[in-house]
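Hi,

Here is the structure I promised to send over. Have a look at it first, and then read on for what turned up when I went through it.

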Amino acid sequence: MEILENKIIRQGLDLKGGMYIVLEVDLPALITNLALNIDHPFENAVEELSEQVNAPDADFFVLFKDAVTKHNLRLPRYYHEYGANVDDIVDRLKDESDDAINRVLEILRNRVDQFGVSEPTIQKQGSSRIIVELAGIQDPERARALLQSTALLEFYLVKDGELTNSLNLKIDKLLKGKEELQELVSGEEDMGDDTSSVNTESILSEDKTIPVSELFGDEGSEDDTSSAVVDQRLFEDRPFSSLLRNLGGDMGVPEKNVYAVKKILSLEDVRAQLESGNGQLFFGNDAQTIIGPDGVEEKIIPLYHLEDAPDLTGGVIEEAREQIGSQAGSTAGQPIVLLDMNNDGAKQWSRITGANVGKRIAIVLDQKVHMAPFIREKIINGGTQIEGFADINEAKDIAIVLRAGALPVPVNIIEERIVGPSLGSDSVRQGTFSVIVGLSLVLLFMLIYYRAAGSIADLALIWNLLLVLAVLASLKATLTLPGIAALILTVGMSIDANVIIFERIREELRKGKTPRAAIDAGYSRAITAIVDANITTVIAALVLFQFGTGPIKGFATVLFWGILISMFTAIFVTRTIFNSFTKGKQLKTLSI
Amino acid sequence: MRIIKETHIKFMSQRRASFMVSLFLILAGIGSLVMKQGPKLGIDFQGGTLIAVQFTQPMEITHIRSALNAVPLDGRVIDLSKEEMKHFGGETNVAIRLTPRENEGEQFVQSVITHLSTSFPDLVPEDSKDFILTIEKVGPKIGAELSGKAVMAIGSALILILLYISIRFEFIFALGAIIALSHDVLITLGIFSILDYEISLPIIAAFLTIVGYSLNDTIIIFDRIRENIKSNKRASYIDTVDKSINQSISRTLITSLTTFLVVFILWVFGGEVIHLFAFAMMVGVIIGTYSSIYIASPFIVLLHSGKHTK
């Protein structure tokens, strides 16, 4: 059994362990990327759309058309290249989305191949989803990152420090007028001894922990006991700056404050303030551990103030490889990724670096700043390197995604099932054991109850199981745990056909028929009952196959073939054996 | 060998008692369903995350709860101590079901797992890949779709079967069969609700198999009724039905026994993942056998007499 499963029939992920992921292409993001002249009505419509597409079985483009009508959007304004009327434009957008998902598929295949997983399955489902099955994945987090990272590499110039300082002051001013913050200040005493807030390391003696949920009046997050570490007086005066720390000339955000800072940055007028200065704030990829004045370790994540438009993007990358930094350099012993650009990229890179000597340029991957070095001199050959990785594995994965290229549109994980190797092997062991025990009991029962006829039925049953396995193997079907369950069920149900026949033969014998006549009558009378009864189960199996996903399909497949084959073996195979025994002999008794 | 000798049980005269029993079972189930506001749905249908981990020694659920009351996530600290937790298979394994929350982010699951392993450093298997037994994460959208599919599947299976039996037998046979099937699924659903068992995707598959299985039993009896009506047209309908059940009773019981045997083995030895599935099948086999004798057949007698007195 085990040998059969290992050698001939592919095992499902639930048996050998692995990862099953359903990714959905972010269509609202795609149409936003394609649109020109984006304005507020358009943004509102897309935001609403992002909510609506979460409804089950939603068709994005139908919703999109509705939204266009509802918000009175003049589509040609945003997509003038795609045509002049709504239908043409939507058709073109559909083509673009098909194209995008095919490219995503291609890129993901590329990434997974380079990652080195045996027999991965990557396939499209419907119009916007991709199913990825990876066997034997041991580090789900890594696999997830590999699939989901957009791999968008961008180079932004870093704004100079004075601009950043004035930006912080402006944000402080904006927040100071905020009513939410006024409420916070007045209600602070109560919150200070809120038992639910976690005791955080304090930097100054007056530090208070302030639940972020109180700060912004979050709804429905009672279990959020987040708290930010701030100096109380400073916070009253400069709400934003007080959340930040100095990190060797850059801004830094203590880990505890990250959530609060993100909240602030997502406020409407803060965003407007950033936009008006043509800047944006990005977090760094890794945290730095700083030991505070009182000796407590604190993780601080850098925050960078960048220009809002990238000077160069990753499309120009031709080759990327991971490496451990050489002994001599500043990156000695650290994992780095070396990049080579194509001709066009190298030209641009040399122009940019040449024009901005002395300034800093941030290398941003998927909206996280990996490094922001000073440009010391013009770089002519298009080579550069990225630092700031946790370990060589991360560097290796980043090199893979950079080589495979950026996804044309972000993807979201909407379903994920992981089975660890130990659970998988447990399932195989327990499943196999159940099959053997269940099968033996049934075989034994039939032998005792029907004697010689029972042994014929037993033969048919074993033959039946072998055939089912053979069919599964030839169909290249995967055997899942529910599949094993179906196999066991087939054992129970396929014996039924023989029970029906044997009981009928016994009945005919009691009526005084000869063994030969009883066998004939038994088979011919029982056959309609068997067919009718089994067809209904076949219907159930077909329906399951149609509607089911993954494991359920496995169950349905085995059940379907199990029933069909059991009808064949129970009716024809046993009949043939009976006939060959009774042929030419005048049997007086029948061992049944 | 022969266990069941020729029987002459008047099944139809017992139908009042059997209807009472069924009614009681169904009402108890519906009562529980109403009290608990519907069946307890798994993450397959509601969305959410299930994490099962394995420790090297038996682990108390209360320890996990207290460890999870402050999980750091992305600069926040969240309290997960009120989420549903239980042992998964053995005492060393723990399953945690997390309800979906807004903006949980990609790091959510990983943060919980990391937090668990750092909370009990001595109890985590040396090979870290053995720590995670399974992670299932279903987005709310997929959950809603799967619910729709499950309802569609059961609905369309019932309709197709109704159609098939109407063609092969008579419409009242189909009605009797469908009543028996609904009876089986309702009672199994009720038992799941009373025992507080979760309805997941495999359980829906089990329900459909129960439907197929119970029908199998019912049709064997119907087939006999059809045959007996043809061969003896003068006998009363009730007598014919009784005779048919008696004639097929030994087959019904033997098949039910062998099927019960294998699902029982699966229930005991099959492992945690299909434990509930096997349980549903076990209940289904018993209820299905009972209903084909005591529900489906009496109903066609009722439906038949109703048809002929009009």
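At what angle do helix H19 and helix H20 of chain A pack, and how far apart are their axes? Before I get to that, one caveat: this is a predicted model.

**Helix pairs in chain A**

Now to the question. H19 (residues 481–510) and H20 (residues 515–547) of chain A pack at about 140 degrees, and their axes are 8 Å apart. That angle makes H19(A) oblique to H20(A). Their crossing is right-handed. On the H19(A) side the contact includes A:Ala497, A:Ile500, A:Ile501 and A:Arg504, and these sit in a set that meets H20(A) residues including A:Ala518, A:Ile519, A:Gly522, A:Tyr523 and A:Arg525. Sorted by class, the H19(A)–H20(A) contact has 12 nonpolar, 1 polar and 3 charged residues.

Two other pairs share helix H7 of chain A (residues 86–115). One partner is helix H5 (residues 60–70) of chain A, which packs against H7(A) at about 145 degrees with the axes 11 Å apart. The H5(A)–H7(A) crossing is right-handed. From H5(A) come A:Phe61, A:Phe64, A:Lys65 and A:Val68, which meet A:Val86, A:Val90 and A:Lys94 in H7(A). That contact has 5 nonpolar residues, no polar ones and 2 charged ones.

The other partner of H7(A) is helix H3 (residues 27–34) of chain A: here the axes come within 11 Å and cross at roughly 115 degrees. Again the crossing, of H3(A) and H7(A), is right-handed. A:Leu27, A:Leu30, A:Ile31 and A:Leu34 are the H3(A) residues, and they meet A:Leu93, A:Glu96, A:Ser97 and A:Ala100 in H7(A). By class, the H3(A)–H7(A) contact splits into 6 nonpolar, 1 polar and 1 charged.

**Sheets and a hairpin in chain A**

Next, the strands. Four of them make an open, antiparallel sheet in chain A, in the order E13-E5-E16-E17. E13 (312–313) and E17 (368–371) of chain A are the edge strands, each pairing on one side only. Further in, E5 (residues 153–157) and E16 (residues 361–365) of chain A are paired antiparallel over 5 bridges.

E14(A) and E15 (residues 335–341) of chain A are joined by 7 bridges in the antiparallel sense. Within that pairing, A:Glu319 has A:Asp340 in E15(A) as its bridge partner.

The hairpin is made by E3(A) and E4(A), with 3 residues between the strands. In its turn, A:Gly126 has a positive phi of about 65 degrees. E3 (residues 121–125) and E4 (residues 129–135) of chain A run antiparallel and are joined by 5 bridges. A:Ile122 stands opposite A:Val132 in E4(A).

Chain B has 9 helices and 6 strands. Its radius of gyration is 25 Å, whereas a compact globule of 310 residues would be near 19 Å. Along the principal axes, the C-alpha atoms of chain B fill a box of roughly 85 × 45 × 30 Å.

As for the contact between the chains, 65 residues come from chain B and 72 from chain A. On the chain B side, the elements giving two or more residues are E3 (76–78), E6 (132–138), H5 (140–168), H7 (201–231) and H8 (237–269) of chain B. H5(B) gives the most, with 15 residues. The chain B side divides into 35 nonpolar, 16 polar and 14 charged residues.

Strand pairing also runs between the chains: E19 (residues 411–419) of chain A pairs with E6(B) in the antiparallel sense, over 5 bridges. There, A:Arg417 is opposite B:Glu136 in E6(B).

Cheers

Terms used
Residues are numbered from 1 along each chain as its sequence is written. Chains are lettered from A and ligands numbered from 1 in the order in which they are written. This is a predicted model: local features need pLDDT of at least 70, side-chain atom pairs count only at pLDDT 80 or more; totals for chains, interfaces and linings use all residues. Axes are lines fitted to C-alpha atoms, for helices over the stretch in contact, and angles run from 0 to 180 degrees between N-to-C directions. Helices (H or I, at least four residues) and strands (E, at least two) are DSSP runs, numbered from the N terminus. Angles under 35 degrees count as roughly parallel, over 145 as roughly antiparallel, 65 to 115 as roughly perpendicular and the rest as oblique. A crossing is left-handed if the near helix is turned anticlockwise from the far one by less than a right angle, and right-handed if clockwise. Two residues are in contact if their C-beta atoms, placed from the backbone, lie within 7 Å. Ala, Val, Leu, Ile, Met, Phe, Trp, Tyr, Cys and Pro count as nonpolar, Asp, Glu, Lys and Arg as charged, and the others, Gly among them, as polar. Two strands pair if DSSP finds at least two bridges between them. The radius of gyration is taken over C-alpha atoms; the globule rule is 2.2 Å times the number of residues to the power 0.38.
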